[in-house]
Amino acid sequence: MSNFRNLLIWQKSMSLTTKIYNSTKKFPKEEIFALTSQIRRSSVPIPSNIAEGFGRDSSKEYLRFLNIAIGSLFELQTQIEIAKNIDYLNEDEFTTLYEDSREIERMLVSFINKIKERD
């Protein structure tokens, strides 16, 4: 693998981040510096840390960045559930975002385990 852009997990994370930005556009304007900002800020580090870790010299460093990505993903899952609970996301929007995030979660866990097995 010569480039992080070839990683399916990075591609799916980028897609999820794009969906998050599109979904939060319709949140109330008074949330721009609150939940809207927080949800966006938790989505961006997912593909970012996958990419940054890819460029590191060791598996140990890469694992650290992948674990940061998982932490951000869990934060995002919590925040989109809050958005659903307060009716900023409808059930269909929430389900799509949540299922996408769960797929990425499973991929990240599997990827981390494969890297650990190599070492």
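Tyr98 sits in helix 5. The model used here is predicted.

**Exercise 1. Is Tyr98 buried, exposed or partly exposed, and which residues is Tyr98 in contact with beyond its neighbours within four places in sequence?**

Step 1. Take the cut-offs: buried is under 20% relative accessible area, and exposed is over 50%.
Step 2. Tyr98 has 25% relative accessibility, so Tyr98 counts as partly exposed.
Step 3. Leave aside the neighbours within four places in sequence; Tyr98 is then in contact with Gln77 and Ile80.
Step 4. Now look at a residue across the model. Glu52 is 46 residues from Tyr98 in sequence, and their C-alpha atoms are 24 Å apart.

**Exercise 2. How many residues has the largest nonpolar core, and which of them have the most contacts inside it?**

Step 1. Start with the general rule. In soluble globular proteins, nonpolar side chains tend to be buried together.
Step 2. Here the largest nonpolar core holds 28 residues. Ile39, Ile50, Ile80 and Leu108 have the most contacts inside this core.
Step 3. List the elements that give two or more residues to this core: helix 1 (8-24), helix 2 (35-43), helix 3 (45-54), helix 4 (59-85) and helix 5 (91-118).
Step 4. Helix 4 gives the most to this core, with nine residues.
Step 5. The contacts of Ile50 are Leu7, Ile9, Trp10, Ser13, Tyr62, Leu66, Ala69 and Leu108.

**Exercise 3. Describe Thr18 and its separation from Ser43.**

Step 1. Look for Thr18 in helix 1.
Step 2. With a relative accessible area of 46%, Thr18 is partly exposed.
Step 3. Thr18 and Ser43 are 25 residues apart in sequence. Their C-alpha atoms are 8.9 Å apart in space.

**Exercise 4. Sum up the whole protein chain: elements, dimensions, burial and charge.**

Step 1. Count the elements: five helices and zero strands. From the N terminus on, the order is α-α-α-α-α.
Step 2. Check the radius of gyration. A compact globule of 119 residues would have one near 14 Å; the protein chain has 15 Å, which agrees.
Step 3. Along the principal axes, the C-alpha atoms fill a box of roughly 45 × 25 × 20 Å.
Step 4. Buried residues make up 42% of the 119 residues. The accessible surface is about 6800 Å², and 51% of this surface belongs to carbon and sulfur atoms.
Step 5. Take contacts between residues at least 6 apart in sequence. Of these, 72% join residues at least 24 apart.
Step 6. Finish with charge. There are 17 positive and 17 negative side chains, and the centres of the two sets lie 5 Å apart.

Methods. Residues are numbered from 1 along each chain as its sequence is written. This is a predicted model: local features need pLDDT of at least 70, side-chain atom pairs count only at pLDDT 80 or more; totals for chains, interfaces and linings use all residues. Side-chain values use heavy atoms; hydrogens and water are left out. A nonpolar core is a set of buried Ala, Val, Leu, Ile, Met, Phe, Trp, Tyr and Cys residues joined through side-chain atoms within 4.5 Å. Buried means under 20% relative accessible area, exposed over 50%, partly exposed in between (1.4 Å probe, protein chains only). Helices (H or I, at least four residues) and strands (E, at least two) are DSSP runs, numbered from the N terminus. Contact means heavy atoms within 4.5 Å. The radius of gyration is taken over C-alpha atoms; the globule rule is 2.2 Å times the number of residues to the power 0.38. Accessible areas come from the Shrake-Rupley method with a 1.4 Å probe; for residues, only the protein chains shown count as cover. Lys and Arg count as positive and Asp and Glu as negative; His and the chain ends are not counted. The place of a charge is taken as NZ of Lys, CZ of Arg, CG of Asp or CD of Glu.
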